[in-house]
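Subject: Structure handover and notes

Hello,

Here is the structure I said I would pass on. Please have it open while you read the notes below it.

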Amino acid sequence: MTSSGLIASSVTRARKLSAEEINEIEHEITLYADKKAVGLEALKIVQKHQGWVSDESLLAISQYLDIPGSDLEGVATFFNLIFRRPVGKNVILLCNSVSCWIMGCDEIKDYIKEKLGIDFGETSDDGEFTFLPVPCLGDCDRAPSMMVGDNLHRNLTLDKIDEIIQQYRNQ
Amino acid sequence: MITKPLTKNIDMARGPLNISDYQAVDGYQSVQVIAKGLSPQDTLELVKASGLKGRGGAGFPTGLKWSFVPQGDNSPKQKYFVVNADEMEPGTFKDRLLMEGDPHLLIEGVIIGSYAIQASKAYIFLRGEYTVSERALEKAIDEAYEKGYLGSNILGTGFNLDVILHTSAGRYICGEETALLNALEGKRAIPRAKPPFPQVSGLWGKPTIVNNVETICNLPGILTYGVDWYHGLTKGKDHGTKLFGVSGKVNTPGCWELPLGTPIRELFENHAGGMRDGLELKGFLPGGGSTDFMLPEHLDLNLDYDEITKAGSRLATGTMIILDSGTCPVGMVGNLMKFFSQESCGFCTPCRDGLPWVDEIFNEFENGCGSEKDLEILHEHVDYLGPGRTFCALAPGATAPLGSGLKYFAEDFHRHIKDKRCPYKH
Ligand SMILES: Cc1cc2nc3c(=O)[nH]c(=O)nc-3n(C[C@H](O)[C@H](O)[C@H](O)COP(=O)(O)O)c2cc1C
Ligand code: SF4
Ligand code: FES
């Protein structure tokens with residue numbers, strides 16, 4: 001066992017954090033009273049650079065911040081927006097909470113599912129899109145609503161979905 | 001006279017004001033009031049006198065909450081002020097408007113709150129999906145540092161404050177204030193036992209105040225224009241204005257700042273434009289997904305904390321969700337139960353096991369297999385998951401639409417059983 005509570009064989013699988021990742025993590029550490037507090041920040045930083053959080057990345061952060069791997073995994077799996085599996089180039093987050101449900105998000109869901117051939121939790125074969133549900137996006141007066149990456153798309157209709165998907169395909 | 005202190009600067013087409021333009025419309029005047037010699041104790045007294053109640057859901061008096069923070073030589077030197085910007089209550093879309101529309105108002109309020117409790121560090125706990133708010137707040141914080149409203153010795157007062165923006169990664173329970181503190185400390189976001197209350201032992205064991213975004217946005221006006229002005233805003237018994245939203249199948253869904261005490265009918269008809277053609281109002285949740293249904297007969301009540309409570313519900317976040325005559329009430333409650341079930345943090349048994357069971361029964365109803373026995377089990381869960389049975393307020397929140405839905409829409413539940421299908425599906 002090492003100080004971070006990991007078994008030695010898995011430690012060798014940790015990847016090396018990039019200088020950029022380390023810089024950003026170090027900056028976060030200055031903002032909190034305890035460096036163990038930045039576990040989530042570090043996971044988000046790594047995900048921003050790598051697209052998702054692999055076991056190797058998780059172990060690297062765990063060693064860097066001296067947080068037991070199991071604790072960090074507990075944090076990583078708790079949050080909806082930390083991806084422990086590879087995701088597509090564009091992550092679609094479709095709101096399926098109450099106002100969007102009233103305004104017809106089920107129909108939008110079925111349409112996207114058919115159009116991209118993927119259900120919630122899946123990634124399209126071409127690696128372009130991952131499709132996930134998300135709780136209320138705080139955009140209920142413009143329901144149905146969804147995010148693609150960092151961008152919000154609102155007052156969705158089936159026609160609008162066609163346009164939006166095309167827009168991201170072209171990027 | 002200013003009548004809309006929360007939204008007076010908001011014009012979404014134009015985008016938020018930069019700091020110079022914000023200053024030109026009385027922005028950061030409250031910090032000048034502090035610089036002229038208003039003590040932390042006097043600041044707290046002003047907020048107490050204003051009658052401001054928390055806008056995050058529970059409606060707890062803000063000044064009173066602050067007064068529980070231990071002060072004086074024997075109190076811990078480090079104190080924290082935390083902004084709850086984790087807005088995720090289904091049907092709630094008010095804090096987003098404030099942060100995207102006028103981020104400096106929030107920062108100004110954070111300075112006042114932090115000064116009153118003498119916190120030298122403030123964290124803004126922002127929902128991860130709010131990327132536009134994140135960029136707006138980052139810019140506002142940078143500008144406020146540049147102008148000397150943040151940092152050390154603010155405007156020569158000797159008061160120091162750093163504001164740190166923390167973006168979360170999507171989990172409703174993080175909005176519960178003690179779970180939020182665990183999340184800030186880098187732990188799994190599970191609620192803490194109370195007492196001790198955060199005011200005494202919060203972030204890293206230090207005295208901590210957690211306030212909602214909208215609550216904090218009320219503070220600049222109170223200091224700048226005074227308590228008498230603030231008391232002049234309301235139409236009812238509670239003080240100030242509030243953001244009220246309407247979503248669902250109304251003609252013009254949206255969010256408006258109105259005096260507390262405004263009749264519900266005015267919000268529903270004048271602002272939201274009433275129901276769309278061919279639909280009737282069947283019921284509504286007055287303040288987000290954790291509130292009890294109200295009925296058309298309640299439209300003439302006023303948007304006041306007490307008045308809504310007397311009608312068996314809660315004003316809570318003030319964002320109404322409309323149930324129309326063409327939407328299945330069983331499906332609507334079922335959608336909420338799925339949300340609560342998925343967002344349960346799993347810490348205590350009634351919530352972790354009870355909510356998925358409830359969710360499963362709603363699936364049965366949806367599929368035409370619901371039975372009288374199922375209905376009985378649902379009724380039992382209103383009690384099993386109710387206040388006092390669970391570790392935090394998430395599960396009791398779920399019982400609000402469940403219990404009131406079972407009561408008001410009993411007929412619809414029975415029709416699902418009798419017809420062996422959802423009667424709203426064609
Ligand atoms: C499950 C749950 C979720 C909550 N989510 C939020 C939230 O997103 N934003 C918020 O301000 N308060 C939320 N609250 C209420 C907070 O616990 C707390 O009461 C509030 O932030 C206090 O601020 P106030 O006094 O200014 O209203 C939530 C409570 C519970 C039980
Ligand atoms: S009531 Fe639910 S969310 Fe709250 S502590 Fe218990 S399991 Fe967690
Ligand atoms: S319910 Fe979909 S944005 Fe609020």
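First, the basis. This is a predicted model, in which local features need pLDDT of at least 70 and side-chain atom pairs count only at pLDDT 80 or more, while totals for chains, interfaces and linings use all residues. Residues are numbered from 1 along each chain as its sequence is written, chains are lettered from A and ligands numbered from 1 in the order in which they are written, and side-chain values use heavy atoms, with hydrogens and water left out.

Chain A

Chain A has 8 helices and 5 strands. Helices (H or I, at least four residues) and strands (E, at least two) are DSSP runs, numbered from the N terminus. In order from the N terminus, the elements of chain A are α-α-α-α-α-β-α-α-β-β-β-β-α. The C-alpha trace of chain A spans about 55 × 35 × 25 Å along its principal axes. Chain A has 171 residues, and 51% of them count as buried. Buried means under 20% relative accessible area, exposed over 50%, and partly exposed in between (1.4 Å probe, protein chains only).

Helix α7 of chain A (residues 105–116) has 12 residues, and its first and last C-alpha atoms are 16 Å apart, close to the 16 Å expected at 1.5 Å a residue. The expected span is 1.5 Å times one less than the number of residues. Which residues of α7(A) are buried? They are A:Cys105, A:Ile108, A:Lys109, A:Ile112 and A:Leu116. Seen down the axis of α7(A), these buried residues fall within an arc of 100°, so they line one face of the helix. The arc is that of the directions from the helix axis to the C-beta atoms. A:Glu107 and A:Glu114, on the other side of α7(A), are exposed.

An α-helix has 3.6 residues a turn, so residues three or four places apart point the same way.

Helix α8 of chain A (residues 158–170) has 13 residues, which should span 18 Å at 1.5 Å a residue; its end C-alpha atoms are 19 Å apart, which agrees. The buried residues here are A:Ile161, A:Ile164, A:Ile165 and A:Tyr168. Down the axis of α8(A), they fall within an arc of 95°, so they line one face of the helix. On the other side of α8(A), the exposed residues are A:Asp159, A:Glu163 and A:Asn170.

Two loop residues

A:Ser124 is in the loop between β2 (122–123) and β3 (129–134) of chain A. Its relative accessibility is 7%, so A:Ser124 counts as buried. The side chain of A:Ser124 makes a polar contact with that of A:Asp126, at 2.6 Å. A polar contact is a pair of N or O atoms within 3.5 Å; within protein, one must be able to donate a hydrogen and the other to accept it, and residues adjacent in sequence count only if both atoms are side-chain atoms.

B:Pro296 is in the loop between β7 (281–285) and α13 (305–310) of chain B. With 32% relative accessibility, B:Pro296 counts as partly exposed.

The ligand

An oxygen atom of ligand 1 is 2.7 Å from an N or O atom in the side chain of B:Asn212. A nitrogen atom of ligand 1 lies 3.2 Å from a backbone N or O atom of B:Gly175.

Regards
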